[in-house]
Amino acid sequence: MSMPGLTILKPELDTAVKDIFGGVWSERDGEVVPEPEDLKLGNDAVKLNATVLYADISGSTTLVDSYEAQFSAEIYKTFLICAAKIIKDEAGVITAYDGDRVMGVFIGGSKNTHAVRTALRIQAAVLHIVNPALKVQYPISPYVLKHVVGVDTSELLAGRIGVRNDNDLVWVGRAANYAAKLSALNEGFATYITDSVYGNMHDKVKYALAGEDMWESRSWTAMNKMTIYRSNYYWTEI
Amino acid sequence: MALKDDLQSAVKKIFTDDRWTIRDGNVVPEPKNLGLGNDGVNLNGAVLYADISSSTQLVDSVTPPFAAEVYKAYLACAAKIIKNEDGVITAYDGDRVMAVFIGDTMCTNAVRAALKIKGAVLTIVQPALKVQYPHTNYVLKHVIGIDTSKLLASRIGVRNDNDLVWVGRAANYAAKLTTLSDEFSIWITDSVYDRIMDAVKFANKTNMWKEYSWTSMNKMRIYACGAWKIDV
């Protein structure tokens, strides 16, 4: 059953969709995270081995439901600024902001180590910068910022969406999906990484100062019981 | 460490700068319209999130170029339809798009955009996919969520990343609605349902919307659209 629309967009959409499905891909291997203008509007793509990190505020619905908008905005902004600056300091590239979460992409020889250290430093910033500053300014507020970071690594294809003036990229590949899904887990841990990340990162982000493994393995029921690792450790220096 | 000092002062500034500059907006702001401090624009808006629900299956089971084509086809249609309904695209993030609609008919425009996106998936994307890949059994599934509320837009303020944060119920609920069952492609909250015009509520005098109770959100009323769409 359908109703008539107001404007006939169909011919334009038909052409755009047909071009996308029928077009021949030009694909190249990338050594840097592409900017939208590095890619053409058709089926042009850059292939990268990359590690994706999503950092998400947990319980943000409760936050906006229970606190005034300015307070919530301050929480969002402080968290996102800390996450963004740490991602950049670890040579990651911020590829998207969306509401209360940020996506970063890391490439190169130590991409997993950088991404995981980013996660541990974000945890340190939340514990030692944001929450203490919040308590100073709002001493009687019961709100405590909690967040989750998810990290996965895989081959990724970056393509341009191609709607004029919105020069964003689509990121296609397991890591983009899994990292986002990991950051939605809510069981009291701040960082989740996949086994591919755990198995390919430097010992300095695997073991704590006393030598113990910072990571606890668990089976990810919703995703074919793949092995993932979780941690509440933080990096001592922010 | 230098970064720690930098973060400490940035965070302190946000929390202590309690003189928020807030004005009411009549247009969806661009990042450059907002200052880097605690500057905000208040809007009554309808937020639409459109999300490919089968995306994990898509990246796990088909080749990356095929998955990229599906992403691009869906997002291109969604984006063009949203703009055609006077919505503003405020974020792309992986496989989903966020848009804000404002003005007197914002709920109707957002819902009509959703019905048209659904129409585009059924009458444009899926048929074109089948023509190009006759042997694939992949079926594009998507979920669109719409809510309306007061929103506060503010700039994140990391140099060179001039994005906005959107604070308000509609931004959260619309995103959450897209995680509901993809048996229905469109979910809207009671606030949206109560504000839409009959043109997007009834088709041939039949109500297109079915009421559900959203268990995880205090059983609030939400509505799903079953077999209806609008031709683009």
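Predicted model: local features only at pLDDT ≥ 70, side-chain atom pairs only at ≥ 80, totals over all residues.
**Entry 1: chain B overall**

I started with burial: 53% of the 232 residues of chain B count as buried. Here buried needs 20 or more other C-beta atoms within 10 Å of a residue's own, exposed means 12 or fewer, and partly exposed is in between, with C-beta atoms placed from the backbone. Residues are numbered from 1 along each chain as its sequence is written, while chains are lettered from A and ligands numbered from 1 in the order in which they are written.

Next I looked up the size. A compact globule with 232 residues would have a radius of gyration near 17 Å, and the 19 Å of chain B agrees with that. The radius is taken over C-alpha atoms, and the globule rule is 2.2 Å times the number of residues to the power 0.38. Along the principal axes, the C-alpha atoms of chain B fill a box of roughly 60 × 45 × 35 Å.

I then checked contacts, meaning pairs whose C-beta atoms, placed from the backbone, lie within 7 Å. Among those in chain B between residues at least 6 apart in sequence, 67% join residues at least 24 apart.

For secondary structure, I find six helices and 12 strands in chain B. These are DSSP runs numbered from the N terminus, with helices (H or I) of at least four residues and strands (E) of at least two.

**Entry 2: helix H4(B)**

I followed H4 of chain B, residues 106-132, from end to end. Its 27 residues reach 37 Å from first C-alpha to last, close to the expected 39 Å, where the expected span is 1.5 Å times one less than the number of residues. H4(B) does bend, by about 40° at Val121(B); the angle is between axes fitted to the seven residues ending there and the seven starting there. H4(B) is mostly covered, with 20 of its 27 residues buried.

**Entry 3: strand E7(B)**

Which residues of E7(B) are buried on each side? I get Ile186(B) and Ile188(B) on one side, and Trp187(B) and Thr189(B) on the other. In a regular strand, side chains alternate between the two faces of the sheet.

I checked the neighbours, with pairing set at two or more DSSP bridges between strands. E5(B), residues 142-155, runs parallel to E7(B) and is joined to it by three bridges. E11(B), residues 220-225, runs antiparallel to E7(B), with four bridges. Trp187(B) has a partner in both: Gly145(B) and Ala224(B).

**Entry 4: where the chains meet**

How many residues does each chain put into the contact? I have 70 from chain B and 66 from chain A. On the chain B side, helix H3 (residues 64-84) gives the largest share, 15 residues.

**Entry 5: positive phi in chain B**

Most residues other than glycine have a negative phi. I noted Lys205(B), which has a positive phi of about 65°. Lys205(B) lies in the loop between E8 (202-203) and E9 (206-207), and is exposed because 6 other C-beta atoms lie within 10 Å.

Lys219(B) also went on my list, with a positive phi of about 55°. Lys219(B) is in the loop between E10 (209-214) and E11 of chain B. Buried or exposed, with 10 other C-beta atoms within 10 Å? Lys219(B) is exposed.

Definitions and conventions
Contact = placed C-beta atoms within 7 Å.
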